[in-house]
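Hi,

Here is the structure I promised to pass on. Have a look at it first, then read my notes below.

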Amino acid sequence: MNQEQLNTKLAQIKDKLIAIEQKSDNRIFLLCEAENAYDVNKFLFEDVGCRFAIATGIDSEHCFEVLYHFSYDQLGCVITVKAFIRDRQNPAIESITPFLPAAEWIEREIHDILGIDFRNHPNLKRLILFDDWPQGVYPLRKEIRTSGAPASREPNQDAGYQ
Amino acid sequence: MSWKIWALKKSPWVFHVNAGACNNCDIEIVDLLTPKFDVERFGIKLVGSPRHADALLVTGVGTKQAAIRLREVYRQTAKPCVVFCIGACACGTGIFEGAYHVAGPVDKIIKEEDPNAIIAYVPGCPPKPEAMISGVVKALSVL
Amino acid sequence: MSVPLNVLFWVVVIPGTIVLGLVASWIVRKVSALVQYRVGPPIFQPFYDVAKLMGKEILIPEQAQQTVFMAAPLVGLAGLLLLSIMLWRITITGTAYLGDIVVAIYLMVLPSLALILGSSASASPHAAVGTSREMKLIMSYELPLVLAFIVVIIKTGGQLSLAAIAERAPIFSISGFLAFLVALLCVQAKLGFVPFDIAEAETELGSGVLMEYSGALLALWKLSQATMLVVLPLFLVMVFLGGFGTAGWPLLWGIGKYVLMLVLVILIKNTNPRMRIDQAMKFFWVYCGLTLAFAITLATIGNYCGIGWL
């Protein structure tokens, strides 16, 4: 279907969204709260027929965001679902792995790095952090500025470059 | 110089190790070993096992997970051998300095295993194959 | 032969074969380089490789079976050198004996067997996969190789002596030509060259069969590969192409035939991709087997009816 038909189809779940933004041609953002993200993703995957590409986790200053990127291949259009997680103390969102198994690892990675809990995830184990890394320390959160090493600007003395 | 080092200079066999690289330097290394740059005239050959190798081409900042494996690979390389740090990340952590996953640049990891290791540096992001050839030849000529 | 020449022979034959083998392996690398439009290694490169390997330390895995691990390359090299002594004696002094072709076929299996033993003593999963593939490959090509030689024996009327076989040139006949093609491909597999280098370089990222070898043991494997490059084409020349003379024109002609064999091996090596093990097994059992069955029938008919060109 072409762009107008796609827009009309997306308007079907308008009541679950905060807003629909079209940033440019072939780039649509669907903003929603975390509670509705599961239904929006299910709608996009099953009814509209998009292909799941990747997910992104962002630590904004006052909330967490999880972005799910879907690709509508017939038009070359990328539809992104932007889910806001307002609770910064215990961030949680419903996992989409039960109907979309391809999302399993990227949700594990977001959990490792940002500490967002994915409810009903079948296998929420550590994926990419080092084995001895302490539990409960999430490296890419904004409160962790560095790993403790000062950001020095001295060149490495033993490097011996030519 | 001893005949072992002389023979090593005439026929250095390389093994490629990725210690947490973004694959940019790896692509350039594989590029280097194609017939276009013809490193076989120096006797350089890509081998599939570190036990056959004389030179380790290490790319990538040494992440904490890769550091364990890199030390194991270094132990399995038959001495005498040379370690080449390829790329800015391997020479001195590059843009990842102070990051949470870095276990030090590659020379720090290797020196923990063997303080007398022979290490050579080829900086660049990624270094061109011509730069890598020049680095390897210069390193072998000062051995 | 007179006594000093005899002594000279016994002193020179083993180092001479090894040196010839290293020169032949340089020829392979140089011609492959020229085919790929690049400059290849200098002439002493294989010697530098062996010298360097001798200078490295020998690492043996902790769980490897040490005796077999260390003895396997020696056994392979010893079998090949024995075969080379036999072949040189036959060409230079003509001391062939009845049944020596059987001994030669038996000795040719030894390096392949040593490879299997050495790699299975390595206690490494990569080497185990390489071992299983090498075993399947050996079981596939040994039978066609022996059958190809049986075609030649039938054509010479049942003579089992290499000197008698080396007098004729069975390649100038249909069954002999078919048997020669099959034998050439089996030799390619035995040398471990593409398209049949399934065992060694097959996990090109893992080096397969010889993965755990290093230092002087690896040098012995390289030397046995180099010696195979002398012995196996020489054997093919003696069986199919009419032997190797000792002086004058026959000597030059013999060297030319050996170089032709080497060039054929190199060309097949450079123009083919590597086969999978199941493709190789099907190739040897089905295609080579059927070709040889046909060739044996033709040879028997030719021998029975006295037709030379069948």
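Is the crossing of helix 1 of chain C and helix 9 of chain C left-handed or right-handed? That crossing is right-handed, where right-handed means that the near helix is turned clockwise from the far one by less than a right angle, and left-handed means anticlockwise.

Before the rest, a word on conventions. This is a predicted model, with local features needing pLDDT of at least 70 and side-chain atom pairs counting only at pLDDT 80 or more, while totals for chains, interfaces and linings use all residues. Residues are numbered from 1 along each chain as its sequence is written, and chains are lettered from A and ligands numbered from 1 in the order in which they are written. Helices (H or I, at least four residues) and strands (E, at least two) are DSSP runs, numbered from the N terminus.

Back to chain C. The axes of helix 1 (residues 3-35) and helix 9 (residues 249-270) of chain C come within 10 Å and cross at roughly 45 degrees. Axes here are lines fitted to C-alpha atoms, for helices over the stretch in contact, and angles run from 0 to 180 degrees between N-to-C directions. The two helices of chain C are therefore oblique to each other (under 35 degrees is roughly parallel, over 145 roughly antiparallel, 65 to 115 roughly perpendicular, and the rest oblique). Among the residues making this contact are Ala24(C) and Ile27(C) from helix 1 of chain C, and Leu262(C) and Ile266(C) from helix 9 of chain C. Contact means C-beta atoms, placed from the backbone, within 7 Å.

Chain C also touches chain B: 27 residues of chain C and 19 residues of chain B take part. On the chain C side, helix 2 (residues 45-54) gives the largest share, five residues.

As for chain B, it has six helices and five strands. Its C-alpha atoms fill a box of roughly 40 × 30 × 25 Å along the principal axes.

Chain A has an open sheet of five strands in the order 1-2-5-4-3, with mixed pairing; two strands pair if DSSP finds at least two bridges between them. Strand 1 (19-24) and strand 3 (51-59) of chain A are the edges, each pairing on one side only. Strand 3 and strand 4 (residues 64-72) of chain A are antiparallel over eight bridges, and Phe52(A) stands opposite Phe70(A) in strand 4 of chain A. Helix 3 (residues 104-114) of chain A packs on the sheet, touching strand 3 and strand 4 of chain A.

Cheers

Notes
Contact = placed C-beta atoms within 7 Å.
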